[in-house]
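Okay, thanks everyone, I'll keep this short. Let me put the structure up and we'll walk through a couple of spots.

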Amino acid sequence: MRTSRLTNSDLRTTILLFALMFLFIVFTGQSHAAMSSQKESLPQLVDETTTGAQSGDARAQYLLARKYRDGEGVIRNYNRAITWYEKSAQQEFGPAQIDLGYLYANGQGVEVDYELAAYWFQKAADQGFATAQFNLGNMYRGGQGVKKDDKQAAKWYELAAQDGFVNAQYNLALMYHYGMGVEKSLEKEIYWYQQAANLGLARAQFFLASAYEEGRGVKKDLVAAYRWYEKASKNGDADAYNNLVLLRTQMSQDEIKTAENQISHDNGLVSQ
């Protein structure tokens, strides 16, 4: 095994760090994407949203809460954001429940309260929201606000993964790798790495490449390993770049050319 490759201890740390990072990215990404198209007419939108929120419209309450949370068109005010989030969440509006759970999990505008975070994630997860299912899986995985339970974590990761939620697919692959809450399954581990890799997740692409390089769960294929290391490297994975450099020393020029032709084809380019 190369010294550049992650150890089992590294991987156990990775699952926790990546889960926390994904939770943060999911939340802020939703916020900026939703708000970016509204900035040109914020005063009018704030007035319209406020009117709708005051009339009891759950979606308007949710949107107004986010404006107060982000300071979009109004002065940032977490107290008002929480008030409107709660009004919306109490009407079973899933996105509000997810955001409210995140605020309690991270202590934004409120004191950290993992039990309330888990409560609101559960409410949204039960409605089928993949983001909430993933976040709830993280809570069970870490024992935050709920009793630590890897079986429950795997259950919620799998529901989110089946809905195409890439971060859950990655964490589920790790659960199958270590047998956390599920029986170890190399076949399922590789399957979920493949799904996440196809959706562009660099770390999943790295582990899939490693599997092809070692012939672990798949037929050994240095060309495929090269292809996935290259993808992961371009997506910012430093370990993939290091392994790619070393892998080139083990491959023939024909194999490297075949791999690079496949990469060109993936990118829609024509190779001679």
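This is a predicted model: local features need pLDDT of at least 70, side-chain atom pairs count only at pLDDT 80 or more; totals for chains, interfaces and linings use all residues.

How far apart are its end C-alpha atoms? H11 is mostly covered, with 12 of its 13 residues buried. Among those buried ones are Phe206, Phe207 and Leu208, but also Arg203 and Glu213.

Now the packing. Two packed helices get described by the angle between their axes and the distance between the axes. Here, H11 packs with H13, residues 238–248, at about 25°, and the axes are 10 Å apart. Angles under 35 degrees count as roughly parallel, so that's what we call H11 and H13. The crossing of H11 past H13 is left-handed.

Which residues make that contact? From H11 you've got Arg203, Phe206, Ser210 and Glu213, and on the H13 side Asp239, Ala240, Asn243 and Leu247. Sort the residues of that contact by type and you get 3 nonpolar, 2 polar and 3 charged.

Last stop, the loop between helix H4 (78–89) and helix H5 (94–106), where Glu92 sits. Most residues other than glycine have a negative phi. Glu92 isn't a glycine, yet its phi is positive, about 65°. Is Glu92 buried, exposed or partly exposed? Its relative accessibility is 35%, so partly exposed.

Terms used: Residues are numbered from 1 along each chain as its sequence is written. Side-chain values use heavy atoms; hydrogens and water are left out. Axes are lines fitted to C-alpha atoms, for helices over the stretch in contact, and angles run from 0 to 180 degrees between N-to-C directions. Helices (H or I, at least four residues) and strands (E, at least two) are DSSP runs, numbered from the N terminus. Angles under 35 degrees count as roughly parallel, over 145 as roughly antiparallel, 65 to 115 as roughly perpendicular and the rest as oblique. A crossing is left-handed if the near helix is turned anticlockwise from the far one by less than a right angle, and right-handed if clockwise. Contact means heavy atoms within 4.5 Å. Ala, Val, Leu, Ile, Met, Phe, Trp, Tyr, Cys and Pro count as nonpolar, Asp, Glu, Lys and Arg as charged, and the others, Gly among them, as polar. Buried means under 20% relative accessible area, exposed over 50%, partly exposed in between (1.4 Å probe, protein chains only).
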